[in-house]
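Reader: Hi! Could you walk me through this one before I start working with it?
Author: Happy to, here it is.

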Amino acid sequence: PLSLLLGLWITRALFAPLLVGLVLGLQALMFLPRLEMFVIGPWPYPRFQYASFGWGDLPGYYRNWYDRVVGVEGWEAYAGRFPGRPDQVERMAAALRVQGRLAVWGDLPWLYVETGRDPAGRYIIHNSAWRVEPHAQADSVAAIRDQRPEYVVVVDMPPPELRRQLGRQYDRLRFPPFSALPWTTYGLHSG
């Protein structure tokens, strides 16, 4: 109805491009949330079917976005709906108080940004490029051993040599807020 009404007000030469633009705009509104979930999903093989909502929930998705923009909804409630758990990353970043280097074993690069810390080693993410690098795992373990970062956050399953190293040089942090987070966190021995 909107495109027909606009078509009556404008010349016929503009009606077809306007109609095509309107249809493409509606399609973008429908597929944008799913595309967003796909892009920030787990790599190297994100799941095409992954979405935290169905097609019927699209109005709620845009309503939540609007509520966040105008300040009705807080950051943690909004961020808690996304994969990658940005709300928990921010909570962890606030809890990591000692300044220095950080090592994240897995795919959680936003933690470096939130904490403002330099990574221990050259690899900040264990994605598909890291997995095909011949010595990436050994280099990452050696960087943690040699640089002794203040904290090591384990997102993915660590290899046995890293587990042994963490047992010798680090304490597992089990007190709040670390116990409520989905990642295992280690702090450097203070002694």
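What follows is a chat about the chain as a whole, a helix pair, a surface patch and a loop residue.

Reader: What kind of model is it?
Author: This is a predicted model.

Reader: Thanks. How many helices and strands does the chain have?
Author: There are nine helices and four strands. Going along the sequence, they come in the pattern α-α-α-α-α-β-α-α-α-β-α-β-β.

Reader: And what share of the residues counts as buried?
Author: The chain has 191 residues, and 34% of them count as buried.

Reader: How much accessible surface is there, and what share belongs to carbon and sulfur atoms?
Author: The accessible surface comes to about 11900 Å², with 61% of that belonging to carbon and sulfur atoms.

Reader: What about contacts between residues 24 or more positions apart?
Author: Among contacts with a separation of 6 or more, those residues account for 46%.

Reader: Let's move to helices. At what angle do the axes of α8 and α9 cross?
Author: They cross at roughly 5 degrees, and the axes come within 10 Å. Angles under 35 degrees count as roughly parallel, so α8 is roughly parallel to α9.

Reader: Nice. Which residues meet there?
Author: From α8 you have Gln 137, Val 141, Ile 144 and Arg 145. They meet Glu 161, Leu 162, Gln 165 and Gln 169 in α9.

Reader: I'm also curious about Ala 142. Is Ala 142 buried or exposed?
Author: Ala 142, which lies in helix α8, counts as buried because its relative accessibility is 19%, and the cut-off for buried is under 20%.

Reader: Switching to the surface: which residues make the nonpolar patch?
Author: Leu 19, Leu 22, Val 23, Leu 26 and Leu 29 make a nonpolar surface patch of about 390 Å².

Reader: Where is Leu 22, then?
Author: Leu 22 sits in helix α2, which covers residues 12-39. With 32% relative accessibility, Leu 22 counts as partly exposed.

Reader: Last one, the backbone. What is the phi of Arg 148?
Author: Arg 148 has a positive phi of about 45 degrees, although Arg 148 is not a glycine.

Reader: Where is Arg 148 found?
Author: Look in the loop between α8 (136-147) and β2 (151-154). Arg 148 counts as partly exposed, at 36% relative accessibility.

Reader: Great, thanks!

Terms used:
Residues are numbered from 1 along each chain as its sequence is written. This is a predicted model: local features need pLDDT of at least 70, side-chain atom pairs count only at pLDDT 80 or more; totals for chains, interfaces and linings use all residues. Side-chain values use heavy atoms; hydrogens and water are left out. Helices (H or I, at least four residues) and strands (E, at least two) are DSSP runs, numbered from the N terminus. Buried means under 20% relative accessible area, exposed over 50%, partly exposed in between (1.4 Å probe, protein chains only). Patches are made of residues with over 30% relative accessible area and no salt bridge: like charges are joined within 9 Å, nonpolar side chains (Val, Leu, Ile, Met, Phe, Trp, Tyr) within 5 Å. Accessible areas come from the Shrake-Rupley method with a 1.4 Å probe; for residues, only the protein chains shown count as cover. A salt bridge is a side-chain nitrogen of Lys or Arg within 4 Å of a carboxyl oxygen of Asp or Glu. Axes are lines fitted to C-alpha atoms, for helices over the stretch in contact, and angles run from 0 to 180 degrees between N-to-C directions. Angles under 35 degrees count as roughly parallel, over 145 as roughly antiparallel, 65 to 115 as roughly perpendicular and the rest as oblique. Contact means heavy atoms within 4.5 Å.
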